[in-house]
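Hello,

I am passing a structure on to you, and I hope you enjoy looking through it. Please open it first, and then read on for what was found in it.

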Amino acid sequence: MSIDTVRADLLAQGWTGTILEFAESSATVELAAQQAGTEPARIAKTLAFVSTTDEPGAILVVAAGDAKVNGGMFKREFRAKPSMLKFDDVERLTGHPVGGVCPFANPDEARVYLDASLRRFSTVFPAAGSAHSAVELTIAELEELSDALGWVDVCTGWRDEE
């Protein structure tokens, strides 16, 4: 079960927090916000894209719940147009089912990046490996526990001027 894999991964890294497990689905930003009792923008959604290089695996971009991937910004960063993983490939390439994709306990080939849209919050709520879970983390904790390769700026719709 993916949530157990995430729990083991986080604990192995020394994390001592609690995974929030919900009776109702948290598979969308809106549902996750309701379940976690927070605003949708603070949901750290993990978007899964087809690799833009010859490397196997997926590109995972963790972004704020109110952010939208901008094709041009993504292409400048990753050198190709964004193409979401097909439903049937999600679990194989991310280690988690649709609705539970998160930046933890991913296969080695999955490359995690954090989007700048998250930096405006002190804490955010990424999924924890299932469509009924989340974990509240500081941005520093998210950066450390996700083994992110770095920060990117590939989303729009969240800045005041947009």
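**The sheet**

Strands S2 and S3 run antiparallel and are joined by 7 bridges. Strands here are DSSP runs (E) of at least two residues and helices are DSSP runs (H or I) of at least four residues, numbered from the N terminus; two strands count as paired if DSSP finds at least two bridges between them. Before going further, please note that this is a predicted model, in which local features need pLDDT of at least 70 and side-chain atom pairs count only at pLDDT 80 or more, while totals for chains, interfaces and linings use all residues. Residues are numbered from 1 along each chain as its sequence is written, and side-chain values use heavy atoms, with hydrogens and water left out.

On to the whole sheet: what is its strand order? The sheet is open, has 6 strands in the order S8-S6-S2-S3-S5-S9, and its pairing is mixed. Strand S8 (137-138) and strand S9 (151-152) are the edge strands, each pairing on one side only.

Strand S3 (residues 58-64) pairs with strand S5 (residues 111-115) in the parallel sense over 4 bridges, and Val-62 stands opposite Leu-114 in S5. S2 and S6 also pair in the parallel sense, over 2 bridges; there, Ala-44 has Pro-126 in S6 as its bridge partner.

Strand S2 (residues 43-50) is mostly covered, with 7 of its 8 residues buried. Buried means under 20% relative accessible area, exposed means over 50%, and partly exposed is in between (1.4 Å probe, protein chains only).

**Salt bridges**

How many salt bridges are there? The count comes to 6, where a salt bridge is a side-chain nitrogen of Lys or Arg within 4 Å of a carboxyl oxygen of Asp or Glu.

One of them joins the side chains of Arg-7 and Glu-21 (2.9 Å, N to O). This pair links distant parts of the chain, with Arg-7 in helix H1 (residues 2-12) and Glu-21 in strand S1 (residues 20-21), 14 residues apart. Arg-7 is partly exposed because its relative accessible area is 27%, whereas Glu-21 counts as exposed at 52%. Asp-4 joins Arg-7 and Glu-21 in a network of salt bridges.

Another salt bridge is formed by Arg-92 and Asp-89, with their closest N and O atoms 3.0 Å apart. Both residues lie in helix H4 (residues 87-94), 3 residues apart, which is about one turn of the helix. Arg-92 is exposed at 56% relative accessible area, and Asp-89 is partly exposed at 23%.

The side chains of Arg-159 and Asp-153 also meet in a salt bridge (2.5 Å, N to O). Asp-153 has 33% relative accessibility, so Asp-153 counts as partly exposed.

**A loop residue**

Arg-120 is in the loop between S5 and strand S6 (123-126), and at 37% relative accessibility Arg-120 counts as partly exposed. Arg-120 and Arg-42 are 78 residues apart along the chain, and their C-alpha atoms are separated by 9.3 Å.

**One more stop**

Finally, take a look at Glu-144, which lies in helix H5 (residues 139-145). Is Glu-144 buried or exposed? Glu-144 counts as exposed because its relative accessibility is 54%.

Best wishes
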